[in-house]
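Open the model in your viewer and keep the selection tool ready.

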Amino acid sequence: MYQRKTTIINRTGIHARPASVFVNEAKKFQSNITICNLSLNEQNNTANAKSIIKVLTLALSQGSEVEVSAEGVDEKLSLIHISEPTRH
């Protein structure tokens, strides 16, 4: 399993359009990919990165600390590609 932490820098956060870009990138890979909002103090702060509804429920706003995790055959490559949209 590979993990990468990053901070959301987009001033409007991860709303529908950037979430769509993120989810579409995640769907290109075979690995199981999750995203966790480390800024939330809730028990359910992790979502399937291949589900736009799940990603949107994380309420990722500017400054949110997130951790993207991947496990599977292309885990390392998937993290390289999908972590970038979380930064814009």
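Buried means under 20% relative accessible area, exposed means over 50%, and partly exposed lies in between (1.4 Å probe, protein chains only). This is a predicted model: local features need pLDDT of at least 70, side-chain atom pairs count only at pLDDT 80 or more, and totals for chains, interfaces and linings use all residues. Residues are numbered from 1 along each chain as its sequence is written, and side-chain values use heavy atoms, with hydrogens and water left out.

Select S78 first. This residue lies in helix α3; helices (H or I, at least four residues) and strands (E, at least two) are DSSP runs, numbered from the N terminus. S78 counts as buried because its relative accessibility is 0%. Beyond its neighbours within four places in sequence, S78 is in contact (heavy atoms within 4.5 Å) with F29, S31, I33 and A70.

Next, select strand β4, residues 65–71. Five of its seven residues are buried, so the strand is mostly covered. Two strands pair if DSSP finds at least two bridges between them. β4 runs antiparallel to β1 (residues 2–7), with six bridges joining them. β2 also pairs with β4 in the antiparallel sense, over six bridges. Now pick S69 in β4: Q3 stands opposite S69, and S69 is also the bridge partner of T34.

Finally, select helix α1, residues 16–26. Its buried residues are P18, A19, F22, V23, E25 and A26. Viewed down the axis of α1, they fall within an arc of 160° (taken from the directions from the helix axis to the C-beta atoms), so they line one face of the helix. Their cover includes β2 (32–37), α2 (52–56) and α3 (75–82).
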